[in-house]
Amino acid sequence: MDCLFCKIVAGEIPSAKVYEDEWVYAFKDISPIAPVHYLFIPKEHLSGASAVNEENAAIVGKIFTAIAKVAAQEGLASGYRVITNCGEDAGQTVPHLHFHLLAGTKMGWSSESGV
Ligand code: AMP
Ligand code: ZN
């Protein structure tokens with residue numbers, strides 16, 4: 001499968017790992033837009049949020065559980081933001097489901113969301 005994030009999960013492309021379990025892999029975004037900017041992805045390939053269905057939806061819970069663990073470990077008690085971009089209009093550039101964890105700064109809302 002010619003997918004950047006599948007290659008990262010397989011270790012074929014290097015990444016700065018921050019978390020891993022049976023289902024989830026998380027690593028530092030290569031071009032961070034906040035002091036903390038991690039990507040949480042399912043190890044299994046899913047193209048994006050639009051590919052979530054009744055059969056595979058449990059992975060989203062696994063990802064959010066991983067996010068909460070990492071946020072607690074990193075002391076992000078003052079807050080964080082989780083974003084997934086789905087499709088062209090939202091600016092999704094890698095077609096493997098991923099959730100951005102952003103933290104470490106006071107965030108605005110509509111300006112950052114680009115709407
Ligand atoms: P999106 O634009 O929502 O699809 O997010 C894709 C994210 O992947 C962007 O924030 C990129 O900076 C990040 N990214 C692309 N290639 C890599 C890589 N090799 N390692 C880590 N992050 C990457
Ligand atoms: Zn993939």
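In strand 3, the side chains of Val36, Tyr38, Phe40 and Pro42 point to one side and those of His37, Leu39 and Ile41 to the other, and all of them are buried. The model described here is predicted. Because seven of the seven residues of strand 3 (residues 36-42) are buried, the strand is largely enclosed by the rest of the structure.

Strand 3 has pairing partners in two other strands. Strand 2 (residues 24-28) is joined to strand 3 by five bridges and runs antiparallel to it, and five bridges likewise join strand 3 to strand 5, again in an antiparallel arrangement. Leucine 39 takes part in both pairings, being the bridge partner of phenylalanine 27 and standing opposite histidine 100 in strand 5.

**The zinc site**

The zinc ion (ligand 2) is coordinated by Cys3 (SG), Cys6 (SG), His45 (ND1) and His96 (ND1), at 2.0 to 2.3 Å. The arrangement is tetrahedral, because the four donor atoms subtend angles of 105 to 117 degrees around the zinc ion. Along the sequence, the donor residues follow the spacing C-x2-C-x38-H-x50-H. Distant parts of the chain are linked in this way: cysteine 6 belongs to helix 1 (residues 4-9), whereas histidine 96 lies in the loop between strand 4 (80-83) and strand 5 (99-103), 90 residues apart from it. Both cysteine 6 and histidine 96 are buried, and cysteine 6 counts as such because its relative accessibility is 17%, with the cut-off for burial at under 20%.

The structure holds zero disulfides. For cysteine 86 the closest cysteine sulfur is that of cysteine 3, which at 14 Å is too far for a bond; cysteine 86 itself is partly exposed, with a relative accessible area of 33%.

**Salt bridges**

| Side chain | Side chain | N to O distance |
|---|---|---|
| aspartate 2 | lysine 7 | 2.8 Å |
| lysine 17 | glutamate 20 | 2.8 Å |
| glutamate 20 | lysine 43 | 2.9 Å |

The salt bridge between glutamate 20 and lysine 43 links distant parts of the chain, with glutamate 20 in strand 1 (residues 17-20) and lysine 43 in the loop between strand 3 and helix 2 (58-73), 23 residues apart. Through shared partners, Lys17, Glu20 and Lys43 are joined into one network of salt bridges. Lysine 17 is partly exposed at 49% relative accessibility, as are glutamate 20 at 37% and lysine 43 at 26%. In the salt bridge of aspartate 2 with lysine 7, aspartate 2 is exposed, with a relative accessible area of 72%, whereas lysine 7 counts as partly exposed at 25%.

Conventions:
Residues are numbered from 1 along each chain as its sequence is written. Chains are lettered from A and ligands numbered from 1 in the order in which they are written. This is a predicted model: local features need pLDDT of at least 70, side-chain atom pairs count only at pLDDT 80 or more; totals for chains, interfaces and linings use all residues. Side-chain values use heavy atoms; hydrogens and water are left out. Donors are N, O and S atoms within 2.8 Å of the metal (3.2 Å for Na, K and Ca); water is not among the atoms, so sites may look incomplete. Four donors count as tetrahedral if all angles lie between 85 and 135 degrees; four count as square planar and six as octahedral if opposite donors are over 155 degrees apart and all others between 65 and 115; anything else is irregular. Helices (H or I, at least four residues) and strands (E, at least two) are DSSP runs, numbered from the N terminus. Buried means under 20% relative accessible area, exposed over 50%, partly exposed in between (1.4 Å probe, protein chains only). Two strands pair if DSSP finds at least two bridges between them. A disulfide is a pair of cysteine sulfur atoms within 2.5 Å. A salt bridge is a side-chain nitrogen of Lys or Arg within 4 Å of a carboxyl oxygen of Asp or Glu.
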